[in-house]
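Thanks for making time this morning. Please bring up the sequence and the model on your own screens, and I will talk you through a few parts of it.

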Amino acid sequence: MAATGNILFSGVGGQGILLASEVTAYALLSAGYDAKKSEVHGMAQRGGSVTAQLRYGDKVYSPLIEPGRADILISFEMMEAARYLPYLHAKSKVVVNTQQIKPPAVAMGKIPYPADVLDSISSRGITVVSVDAFDIARDAGEVKAANIVMVGAMSAFLPMDVEVYENIITTRIPERFREVNMKAFAAGRKITA
Amino acid sequence: MTDDNSLWMSGNEAIAMGAYEAGVKVASGYPGTPSTEIMENLSKYEGVYTEWAPNEKVGLEVAIGASFAGVRAFATMKHVGVNVAADPLFTASYTGVRGGLVVITADDPEMHSSQNEQDNRNYAYAAKLPMIEPSEPAEAKDLLKDAFELSEKFDTPVLFRITTRVAHVKGVLQKGDMRESAATCGIEKAPAKIVMLPANARARRKVVEERTAKLMEVAEGDAFNRVEEGDRKRGFITGGVSYLYVKEAFPEAAVLKLGMSWPLPEKKIKEFAASVDELFIVEELDPFLEYHIKAMGVECHGKDLIPNQGELNTAIVRSSIDPDSAPELFAPAELPMRPPNMCAGCPHRGVFFNLSRMKDVFVSGDIGCYTLGFLPPLSAMDSCVCMGASVTIAHGMAKALGDEGKGKLVSVIGDSTFIHTGINGLINSVYNDSKTVLVILDNRITAMTGQQNNPASGHNIKGEAANAINIEELCHAVGVKHVEVVNPHDIAECRKALKTALELDEMAVVISRAPCVLLPEMKKAEHRPYNTKTENCAGCMACVKLGCPAISWTNITPEEAVAKGYKEKQKGFAVINEVQCNGCGQCAALCKFEAINREGE
């Protein structure tokens, strides 16, 4: 493939974004792509907006996605998807966990959580897939696997087969969490595939 | 493309592996974003001694000592840490090394987790030291090994500069060969070289100049600085992460990539400049390369086009040079901000809640998670400059204000920051008769950078048992008479302790002691969250004013209030998210309506 593919992960510190981006990165690497991923550490992790930026292709130079060039946005919190609108283009695919985490001003009752926040994306003609990752993960047996549900839902937009991800989950995730993550991945995948 | 031998590592993991492969024997550092994971990862390799030092000056001096003993030595710190370590750094430039000595400066353009975005390439110029700058993880590992060899060959400490987008970027790399120091470990006396009194230092000063001349010859070669062929209409000189942005923005252009940002290869630069129609210098932050290249008499574009603040990226580089290339973007949605916040159950919150009620008090803050006490609703921090500056700034204000400042000056510092550079300030405050209050937020860990042990934790970098400083005894030893330890989760006790200390006519210390909720033992502890009896909630918002992320407020109309059995004028009610609640009980102590409790109590 000639161009570099760009996947933007967004959410709130503590939602398991790093693990989700790692599983995706390992899947891309085992399919033979070069990749780079940029993460945010330190102060922003304390409950603030966080992103991980993952780029893949024959040869990747920059670790940062340019505005307007994210091919996939996978957001672990609903409002956080809309925050990265300037990174999207008309053909971007957006996968959103419908979980809402109230930012401080909303939690204090000063302003409401923005209503119909995903409309700001879909009204631009961009494909938005909403995923109730929390409930799906609970059905799979572990709410903490919501991040892998999201990876499953996103996987349909990437060129690798399901086996590649299953192999990564088998080799990279501790044994006691493996089965539940396999189920979580499959349940997520079913939404989009 | 990747294969089965490929490793996937962050720049910091790659640098740790590079230090191991380079044969480093002693490494010391102080945690600081974006440098922290280097030492954390290096501590997992066999055969390398690693430690957390109380501050960067100590860490660098430990590394200098190891180098004097003839082993490869390594010091890691963030950019502002180099300010702390600058004293030994500038003179180590004169002494040179025995075992190779490399100093990491992890700069933070854009200030993702820092108080300034100083460009530490200036230190290389000022301290007359070579500086190596990788662009990505794989190169960081290789160049680090070369840096140790450069250090020994030219008898010089080497500065190794990374930025956030090298440190915290993951990339593909391969394992490398193991190298060894050319020095032999042992005591070797070389007073003329390493006893830096004036007569010796004057002699070494000349050596430093000769060394720089030799390093310039190295810079002229291809080991660190290479020309990448391409279209010569536009030529680019760049280094560090900016190189990657240039390669994407102008893939066809000729590039002189500088892996060594100091000293510069004048001949090579002039030759390259002469071979291109138009020369662009692309660098983040200061016009460091640009100024030195212009001083060579070379015409070029630089900061006339490229921003001198914040991070660059491919889009900025492209549109700075070709303004018409900027793509049309979707306008941002208007959304509430989501700044970071102290965790649910954070012990610091109890202190800042109380300080937020004392409107006359000026809170002199410091660097750590607790700097978030600045944010609303607590808004209980009035200054924050650098590590250790809380206690000293309060003292300076007290001396300026005289009687007007009495009972109004509080400084707040974490345990790790207190040990870093707060102790000296406290000594000064006692010695020079400050009448301020120092609150030491002792959560037993260096929390902001990701829970690193420190000299008060009782554990070393590997988690092994170590001496734990007794902070109250230390305060007594430097002359503080009033030292009170409080549990910050007990809001009333905490308020009383602060009031008592503020009323004294002497330097007083309050130690707020409770463990960080992110400590592994706290995470493993039984989860006993509080819950809300919403029927009892009177809508007073006392709990909401703590700013705890586990507590949220729901507005209601008078009709809804009546329907819920509340008084008509009640504006809303608070609810605790039991998944997020860490059971600290601060909110329960504030609730006068028995609306917050937990099972079994």
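This is a predicted model: local features need pLDDT of at least 70, side-chain atom pairs count only at pLDDT 80 or more; totals for chains, interfaces and linings use all residues.

In helix α10 of chain B, the residues Ser242(B), Tyr243(B), Leu244(B), Tyr245(B), Val246(B), Lys247(B) and Ala249(B) are buried, where buried means that 20 or more other C-beta atoms, placed from the backbone, lie within 10 Å of the residue's own, and where helices (H or I, at least four residues) and strands (E, at least two) are DSSP runs numbered from the N terminus. Because seven of the eight residues of this helix, 242–249, are buried, α10(B) is largely enclosed by the rest of the structure. Among what covers them are β10 (231–238), β11 (253–258), β13 (278–282) and α13 (314–321) of chain B.

Residues are numbered from 1 along each chain as its sequence is written, and chains are lettered from A and ligands numbered from 1 in the order in which they are written.

Turning to the contact between the chains, 49 residues come from chain B and 48 from chain A, two residues being in contact if their C-beta atoms, placed from the backbone, lie within 7 Å. On the side of chain B that touches chain A, the elements giving two or more residues are β8 (169–173), α10, α13 and β20 (551–555), and β20(B) gives the most, with five residues.

Terms used:
A residue is buried if 20 or more other C-beta atoms lie within 10 Å of its own, exposed if 12 or fewer, and partly exposed in between; C-beta atoms are placed from the backbone.
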